[in-house]
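This briefing concerns a single protein chain and the arrangement of its side chains. Please keep the sequence and the model in view while reading.

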Amino acid sequence: MSYLHQKIEKKWQKIWEKNQSHKTRNAFKKRKFYCLDMFPYPSGEGLHVGHMRGYSYSDAIARKKKMEGYNVLHPMGWDAFGLPAENFALKRRIHPAKSTKKNIENIKKQLKAAGFMYDWDREINSSSSEYYKWTQWLFLELYKKGLAYQKEAPINFCASCKASLANEEVVEGKCERCGTLTIKKNLKQWFFKITKYADQLVDDLENLDWPEKVKTMQKNWIGRSYGTEFFMQVLHGEKGAMKPEKIDKFTCQWLGINLDEELVKIKIFTTRIDTVFGMTYVVLAPEHPLIPYLTTEKYKKDVEKYIEKAKDASEIERMSQKKEKTGVFTGSYAINPLNGNKIPIWIADYVLLEYGTGAIMAVPAHDERDFVFAEKYGLEIIEVIKSENGKSSIENGAFIEDGILIGSGEFDQLSSEVAREKITQWLENQGLGYGIKKYKLKDWLISRQRYWGAPIPIVYCNQCGEIPLPEEDLPIKLPENIQNFNPTSDGKSPLANIDEFIGTKCPSCGGYAERETDTISQWVCSSWYFTRYIDPKNSKEIFNKKKVKHWLPVDLYIGGVEHAILHLLYARFFTKVMLDLKLTEFSEPFIHLFNQGMVYYKGMKMSKSKGNVVNPDEFFEKYGADSMRIYSLFMGPAEQDVEWNDQGVIGVYRFLQKIWNIVEKHQSTVEQPLDNIKKMEQLKHSKKLEQLIHKTIKKVSDDIDNFKFNTVISCLMEYVNKIHNSEFRIQKLEIEILIKLLAPIAPHICEELWHQLHPEIFEKESIFNQSWPKYDPDLIIEEKFELVIQINGKMRHSIETEKNISEIEAKELVLKNEKIKKWISDETQIKKIIFIPGRLINIVIC
């Protein structure tokens with residue numbers, strides 16, 4: 001019988017569905033393993049082979065864990081709300097609910113065709129009211145705790161998407177979704193107070209089994225730093241000290257200036273107070289409220305022009321190392337409190353108002369950015385730190401490392417670490433500064449002026465003001481029969497134009513009230529979804545606490561590194577909030593995170609616009625899902641980017657055909673009697689094969705656990721070749737081991753072959769109910785090794801020998817070797833022979 005992949009795969013997919021083979025029961029006494037993929041947004045293009053690669057990893061691990069006796073939870077759902085789904089619908093001029101439903105059906109069909117072990121009874125959809133009811137409920141819980149609030153703020157705005165964007169959604173000044181340059185816009189927005197959890201979000205990273213790259217990205221984004229805040233007296237132009245009465249009351253309050261004080265001071269934040277004697281200019285952010293009062297008449301026009309231009313740049317663009325440094329002089333000065341030097345005050349957009357104090361001391365000798373700026377504008381560069389060996393130089397650039405202080409008055413010859421402490425203490429004693437901790441992280445902007453999202457459960461009443469809706473009113477459903485859901489150019493949501501949605505009763509006084517028309521960002525919906533899989537049909541509470549306590553946190557989470565900051569940071573925040581709300585008992589959502597590499601085609605990331613998307617459907621048809629799955633894992637190391645090659649699938653298909661033929665040959669061959677010589681040879685062969693089997697079990701088991709799937713497949717190919725090329729009849733045990741080891745990667749063919757080998761069992765008795773093979777440690781020990789032969793410490797030859805060879809036997813074996821005799825004649829005097837068991841022998845000659 002031929003290997004008919006289409007027939008076999010459809011057969012077993014029907015049987016698995018009929019028998020509910022992938023359904024997970026809440027067996028609380030059994031070891032659990034929660035294996036999770038980052039749920040996809042339902043793209044109209046469906047899945048390409050890059051998506052399939054990630055899902056193939058998780059499925060292989062989930063199936064192996066099941067065979068190891070774990071109760072495995074492996075769910076799937078849809079990140080269906082938000083910009084991607086809505087923009088797709090707008091382009092097609094259809095309602096997002098319809099396009100989303102259609103796209104989900106297509107992708108679900110692809111996932112089932114691949115044979116992935118998902119428990120579809122736990123399927124979730126973030127755009128269903130059954131789900132977003134609990135997104136709204138969580139919003140209200142955060143609101144009650146003071147973690148959700150509204151304020152007017154300058155935000156990133158994408159004119160193309162007509163939506164506000166969180167900082168994390170802006171990449172190099174552009175919308176991460178459509179690539180349009182963003183602008184700044186003042187809008188009243190909703191925020192979550194993620195900054196309250198900044199320390200936890202940094203500190204708890206140490207306990208996670210995550211890639212270091214991801215942990216570093218999150219640390220950098222949160223940007224916790226320890227430094228010093230100190231005050232510098234301001235001189236207005238050449239006229240002398242500036243007095244508070246010249247500044248409006250609001251600005252004085254913002255700057256922390258006491259109106260009774262005689263002098264105005266700028267508050268500076270730095271992490272390198274040890275370099276303060278090298279300060280040659282001060283930089284203010286373009287938004288700093290003191291600028292109008294500092295700027296002299298001579299520089300007023302230049303300053304106004306510069307500030308206007310800076311408004312168009314995003315924070316990320318301004319902070320980019322690639323961006324050319326620009327600035328403008330105010331005409332005013334500040335006094336360095338350590339040495340009394342008069343320091344010019346500049347404005348530059350590489351300083352942000354929201355980080356630190358919006359003002360920095362610039363030390364070009366010891367900061368790369370300041371060095372470039374100083375050289376461009378001809379500002380002084382003063383060296384005040386030397387390396388410990390005294391050889392550092394600032395001739396070609398800043399010396400940014402810690403070192404020993406020079407030219408720093410009473411602090412000379414102190415190390416940077418000690419100097420930071422001593423100088424900060426000096427400032428505190430003088431009442432001029434103090435040590436402080438700062439963060440780059442901003443509160444999370446979660447409101448969107450779009451239709452396709454969960455409505456925010458807040459109403460506005462003329463009598464009562466801003467009122468949260470009671471839980472019994474949830475869900476606040478999106479109006480479905482809406483004709484125009486296009487985003488508006490005035491910054492308002494399309495919901496603002498629907499009178500029947502806006503008008504409602506105030507839950508407090510019963511009078512007329514109007515609903516909030518912004519919707520909740522899709523990132524909120526995806527920040528807690530992993531908890532809903534545990535109890536997806538619960539309509540009375542967000543989830544059952546007993547079930548969540550059993551299943552969570554997630555044991556293994558798989559997805560792309562592009563979610564390192566956005567999704568993963570938000571999910572960690574929500575987990576900590578749910579812990580504080582006493583909904584859960586864990587502080588981190590994902591124990592182990594794995595980021596698979598991307599799949600490229602024709603040297604580029606797959607994209608429909610580039611015409612290089614590889615659809616898996618045609619390969620399922622020609623070569624089968626099992627061939628696709630194996631090739632996806634065989635392309636290269638799991639964490640690295642790889643290039644797709646159609647020919648690779650064909651090679652894997654031939655490999656599966658070879659396995660099919662081996663089983664078929666075994667089933668049809670009658671064992672022939674052997675003579676004594678053949679029996680001895682078979683006995684010797686069986687011993688070697690037994691060792692090969694156990695080595696293969698160990699290699700495959702370890703490599704699957706360590707995501708080395710490409711070497712797993714190489715190992716199995718080597719095993720298949722050895723048993724295929726054997727002159728002796730292949731034994732049933734050899735094939736059973738092969739099929740079990742291959743089963744998590746190629747489930748359809750292995751299920752079929754297992755039942756061919758065991759015609760007595762029923763279809764319900766899946767190979768995945770079999771135990772994972774175990775190896776015998778005694779049988780993986782090598783009996784032979786390569787003995788390295790050295791002469792006077794230089795390797796001259798090596799020979800294979802028994803592992804337990806004695807020193808006497810080794811000497812005799814080596815001295816008789818023909819190649820060694822070329823180096824040692826009868827006249828050669830051997831001074832001594834050094835033997836290291838299991839490694840080498842060194843002959844020392846005169």
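Does Pro744 count as buried or exposed? At 0% relative accessibility, Pro744 counts as buried, where buried means under 20% relative accessible area, exposed over 50% and partly exposed in between (1.4 Å probe, protein chains only). The model is a predicted one, in which local features need pLDDT of at least 70 and side-chain atom pairs count only at pLDDT 80 or more, while totals for chains, interfaces and linings use all residues. Residues are numbered from 1 along each chain as its sequence is written, and side-chain values use heavy atoms, with hydrogens and water left out.

**Overall architecture**

- The secondary structure comprises 27 helices and 35 strands; helices (H or I, at least four residues) and strands (E, at least two) are DSSP runs, numbered from the N terminus.
- The C-alpha trace spans about 115 × 90 × 50 Å along its principal axes.
- Of the 846 residues of the protein, 55% count as buried.
- Among contacts (heavy atoms within 4.5 Å) between residues at least 6 apart in sequence, 73% join residues at least 24 apart.

- Pro744 is found in the loop between α24 and α25 (747-757).
- Although 681 residues separate Pro744 from Arg63 in sequence, their C-alpha atoms are 5.1 Å apart in space.
- Leaving aside neighbours within four places in sequence, Pro744 has contacts that include Asp59, Ala60, Arg63, Lys64 and Trp772.
- Lys740 belongs to helix α24 (residues 732-742).
- Lys740 is buried yet has no salt bridge, and the nearest side chain of opposite charge, Glu736, is 6.1 Å away; for charge, Lys and Arg count as positive and Asp and Glu as negative, while His and the chain ends are not counted.
- A polar atom of the Lys740 side chain lies 3.4 Å from the backbone oxygen of Ser771.
- Again leaving aside neighbours within four places in sequence, Lys740 is in contact with residues including Met67, Trp754 and Trp772.

**Salt bridges**

- The whole structure holds 37 salt bridges, each being a side-chain nitrogen of Lys or Arg within 4 Å of a carboxyl oxygen of Asp or Glu.
- Lys219 forms a salt bridge with Glu206, with 2.8 Å between the closest N and O atoms; Lys219 is in helix α7 (residues 212-222) and Glu206 in the loop between α6 (198-203) and α7.
- Lys219 counts as partly exposed at 31% relative accessibility, and Glu206 is exposed, with a relative accessible area of 53%.
- Arg272 and Asp402 form a salt bridge with closest N and O atoms 3.8 Å apart. Arg272 lies in the loop between β11 (265-270) and β12 (281-284) and Asp402 in the loop between β16 (385-386) and β17 (404-405), so the pair ties together parts that are 130 residues apart in sequence.
- Arg272 is buried at 17% relative accessibility, whereas Asp402 is partly exposed at 41%.
- Arg420 and Asp274 meet in a salt bridge (3.4 Å, N to O); this pair links helix α13 (residues 416-429) to the loop between β11 and β12, 146 residues apart.
- Arg420 is partly exposed at 21% relative accessible area, and Asp274 is buried at 0%.
- Salt bridges that share partners join Lys64, Lys65, Glu68 and Asp705 into one network.

**Aromatic rings**

- The count comes to 51 aromatic pairs; rings of Phe, Tyr and Trp (its six-membered ring) pair if their centres lie within 6.5 Å, and planes under 30 degrees apart count as stacked, over 60 as edge-to-face and the rest as tilted.
- The ring centres of Phe329 and Trp346 are 5.8 Å apart and their planes at 35°, so the pair is tilted. Phe329 lies in strand β13 (residues 327-335) and Trp346 in strand β14 (residues 342-348).
- Both Phe329 and Trp346 are buried.
- Tyr529 and Tyr533 form an edge-to-face pair, 5.7 Å centre to centre with 70° between the planes; both residues are buried.
- The charged end of Arg63 sits over the ring of Trp16, 5.1 Å from its centre; the criterion is NZ of Lys or CZ of Arg within 6 Å of the ring centre and within 35 degrees of the ring normal.

**Backbone features**

- Most residues other than glycine have a negative phi, and most peptide bonds are trans.
- A cis peptide bond joins Leu474 and Pro475, with omega about 0°, and another joins Leu552 and Pro553, with omega about 5°.
- Gln20, which is not a glycine, has a positive phi of about 50° and is partly exposed at 39% relative accessibility.
- Phe707, also not a glycine, has a positive phi of about 60° and is buried, with a relative accessible area of 5%.

Notes
A polar contact is a pair of N or O atoms within 3.5 Å; within protein, one must be able to donate a hydrogen and the other to accept it, and residues adjacent in sequence count only if both atoms are side-chain atoms.
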